[in-house]
Amino acid sequence: ILPAITIGAHTSIIGFSGLWLTPFPILQQFALFAAAGLVGAWLTVVTVLPALLEPPYAGSQCAWFGSLSDRWLLAWDKIRQRAAVRGALAAAAVLACLWLARAEFQDDIRALQSAPPTLLETETRVRKMLARTDDVRFVLVEGVDEQETLDRLAVAEARLAAQRDAGAIGGTLSVAPFLPSRRQQELDHALVRRAVGDRMAEWRVALDELGFEPAPIAALETLVSGPFDRVLDAQTLLDSPASAPLRALWYGNPQGGYGATILLREPVDEQRVRTALVGLPGVQWVDRVADLSGLMSRLRSETSRLVTWAYGLVLLVLLVRFGPAAGLRVMYPALIAAGGTLGILSAFGVELTLFHVLGQLLVIGLAIDYGAFLAEDRVAA
């Protein structure tokens, strides 16, 4: 049995080793563990089992089972000689290959979520009632420095305000209303000077009647009538306790640039928002679910190529050992199992994902063994 178990160990290690090339650490650990276990099992059988089988050893206690197995194998040997049976197996293998090549997969990460539809519907309704923001879809504004970022943020907010008025979004949440750019602050200061400066005496009387102390009134007069020399910057705003809800919406690093996030209140018409932001430098639409789904799609494509190489390498080993006809027959169980399983799952409405592709590496690692044992028995005979 040494040639048979050696071929079986090699093909299984090839199948499991494919998991090592995936980007998932836990699958890499599983591949290493499985390959090491297979090598250890092969060494144990080769070195230890012969000593344990030396006479005297107990004879078979289930002669009836051995006799039944012999009759079944003889019957199957006659059946499989028929051209129709061989043709059916070959056709099934070809159909399995075609199905594997044309199977449709679902790369949307949300397909892996198993929450009941009623719960998801309730969550959506509650979010609308509370005017919650969309946590996975937002607008990211970036710039090389703080002022460029604030200028771009103001332009993006203006575009989104128009979409809010048109009903495309429920509203926005960002630091823009609380942190204007330096240029906007200068314009606002000039506007206040024009509107209030000439009437400061009236304002002083009104504020005094409202009960304001003289010191705040004098400070206001100085700010209004004096030059613009006090700029509200991001750090000053973020250091204020009042900015606690906004701190997560701004990040800054003189070496790595600055950025601000605009959260959108539901409902959100993604297509209209994308169109509104076209042409704005440093402004991009971010959809974390779509990004993860795109990553899943790329991983599935890479894993599919890996599975194809693994099957091809295993087939090459079988062809070298058993020849073209027998080598292909040994591959039939793995091909039929892989394609047939995916076909049955699809027929029952199961959406195929990356993890179904990974499962094909396990199929090739397990489905070859018995076929290799039987083919090796014929070679030995």
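Select helix H14 (residues 324-347) together with H15: their axes come within 9 Å and cross at roughly 150°. Axes here are lines fitted to C-alpha atoms, for helices over the stretch in contact, and angles run from 0 to 180 degrees between N-to-C directions. H14 and H15 are therefore roughly antiparallel to each other (under 35 degrees counts as roughly parallel, over 145 as roughly antiparallel, 65 to 115 as roughly perpendicular and the rest as oblique). Their crossing is right-handed; that is, the near helix is turned clockwise from the far one by less than a right angle.

The model is predicted: local features need pLDDT of at least 70, side-chain atom pairs count only at pLDDT 80 or more, and totals for chains, interfaces and linings use all residues. Residues are numbered from 1 along each chain as its sequence is written, and side-chain values use heavy atoms, with hydrogens and water left out.

H14 supplies Met331, Pro333, Ala334, Ala337, Ala338, Leu342 and Leu345, and H15 supplies His356, Gln360, Val363, Ile364 and Ala367. Ten of these residues are nonpolar, two are polar and none is charged. In this scheme Ala, Val, Leu, Ile, Met, Phe, Trp, Tyr, Cys and Pro are nonpolar, Asp, Glu, Lys and Arg are charged, and the others, Gly among them, are polar.

On the H1 side, pick Thr11, Ser12, Gly15 and Phe16; they meet Leu361, Leu362, Ile364, Gly365 and Leu366 of H15. This contact divides into five nonpolar, four polar and no charged residues.

Leu89 is partly exposed, with a relative accessible area of 33% (buried is under 20%, exposed over 50%, partly exposed in between, with a 1.4 Å probe and protein chains only). Not counting residues up to four places away in sequence, Leu89 touches Tyr332 and Ile336. Draw a distance from its C-alpha atom to that of Pro333: the value is 9.0 Å, for residues 244 apart in sequence.

Next, select Gln185 in helix H8 (residues 182-196). Gln185 is buried, at 11% relative accessible area. Leaving aside neighbours within four places in sequence, its contacts are Pro180, Phe228, Arg230, Val231 and Leu232.

Move on to Asp198, in the loop between H8 and H9. Asp198 is exposed, with a relative accessible area of 74%. Its C-alpha atom is 9.1 Å from that of Ser225, which is 27 residues apart from Asp198 along the chain.

Then select helix H9 (residues 200-209) and helix H10 (residues 214-225), which pack at about 155° with their axes 10 Å apart. H9 and H10 are therefore roughly antiparallel, and H9 passes H10 in a right-handed crossing. Met200, Arg204, Leu207 and Asp208 of H9 make the contact with Ile217, Leu220 and Glu221 of H10. Here four residues are nonpolar, none is polar and three are charged.

Finally, display the whole chain. The protein chain has 16 helices and five strands; these are DSSP runs numbered from the N terminus, helices being H or I of at least four residues and strands E of at least two. Of its 381 residues, 32% count as buried. Among contacts between residues at least 6 apart in sequence, 75% join residues at least 24 apart.

Conventions: Contact = heavy atoms within 4.5 Å.
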